[in-house]
Amino acid sequence: MLLKDLPADARPREKLLARGPAALSDAELLALLLRTGLPGKNALQMGQELLDNFGGVAGLLHTGAEALKSIKGLGPAKRAEIVAVLELARRALAEELKEKALFSTPQAVRDYLQLQLGSRPHEIFAVLFLNSQNRLIALEELFRGTLTQTSVYPREVVIRALALNAASVVLAHNHPSGAAEPSRADEMLTHTLKTALALVDVRVLDHFVVTASQSVSMAERGLL
């Protein structure tokens, strides 16, 4: 069935205009980007195929134009549009964190970290460097490991904090396994970095463990 053959209140564009974007499913929002489908497969079905193939919206956020070639019917223009929209989502959250004190918008911090790290297939250790007003200076991915472990060197974190003139940091890493619970090794690493950064008067405010669907604050758990 073509989208134009659906009842008016079921077509993504009309539904969005009448009820707002929150009323649309992920597949419907993607259908609006795709606009057209293929013979035997409308844009809504293609949108659902994208979600199924890449593990939902979170997976799509870390999908590049090259990987999208695996979806039949996605030409260069459509692939570019999808990648551009996903990048805009990441940048919008980054701008919000740069304009406001980081912990005045705790959910934005979680969303940003999940967008950046949550769906990576390998473990990434990142640091959010903050100024004296707790506003984001930069997010840097400092270390990359295998699916099970990452080698993190405190000296490198200290060097970057000094180079960026950071007053404090928020640590973050992902668990590709999908379980966001901090491990004993995570706790030990946090305390090692906290001690090293304290020597140059840089505070560790939190350490988030993130997956595509959730994030855990070690500060909230009393692990700092």
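In which sense do strand β1 and strand β3 pair, and over how many bridges? Strand β1 (residues 124-130) and strand β3 (residues 168-174) are paired in the antiparallel sense over six bridges. Two strands count as paired if DSSP finds at least two bridges between them. Phe125 has His173 in β3 as its bridge partner.

The model is predicted, so local features need pLDDT of at least 70 and side-chain atom pairs count only at pLDDT 80 or more, whereas totals for chains, interfaces and linings use all residues. Residues are numbered from 1 along each chain as its sequence is written, and side-chain values use heavy atoms, with hydrogens and water left out.

**The sheet and its helices**

Helices (H or I, at least four residues) and strands (E, at least two) are DSSP runs, numbered from the N terminus. Five strands form an open sheet in the order β2-β1-β3-β4-β5, with mixed pairing. Because β2 (136-144) and β5 (215-217) each have a single partner strand, they stand at the edges, and one side of each is left without a neighbour in the sheet. From one strand to the next, the twist averages 20°. Angles run from 0 to 180 degrees between N-to-C directions, and axes are lines fitted to C-alpha atoms, for helices over the stretch in contact.

Two helices are described relative to strand β4 (203-210). Contact means heavy atoms within 4.5 Å.

| Helix | Residues | Strands | Angle to β4 |
|---|---|---|---|
| α6 | 106-117 | lies across β1, β2, β3, β4 and β5 | about 55° |
| α8 | 184-198 | touches β1, β3 and β4 | about 155° |

**The nonpolar cores**

A nonpolar core is a set of buried Ala, Val, Leu, Ile, Met, Phe, Trp, Tyr and Cys residues joined through side-chain atoms within 4.5 Å; buried means under 20% relative accessible area with a 1.4 Å probe, protein chains only. The largest nonpolar core has 34 residues, of which Leu50, Leu60, Leu74 and Leu113 touch the most other members. Helix α6 gives the most to this core, with six residues. Leaving aside residues up to four places away in sequence, Leu74 touches Leu34, Met46, Leu50, Leu68, Arg79 and Ile82. A second, separate core of 16 residues includes Ala161, Ala196, Val202 and Val204.

**Helices α1 and α2**

The axes of α1 (residues 12-19) and α2 come within 9 Å and cross at roughly 115°. The two helices are therefore roughly perpendicular to each other, a term for angles of 65 to 115 degrees. Pro12, Arg13, Lys15 and Leu16 in α1 meet Glu28, Leu29, Ala31 and Leu32 in α2.

Key:
Buried means under 20% relative accessible area, exposed over 50%, partly exposed in between (1.4 Å probe, protein chains only). Angles under 35 degrees count as roughly parallel, over 145 as roughly antiparallel, 65 to 115 as roughly perpendicular and the rest as oblique.
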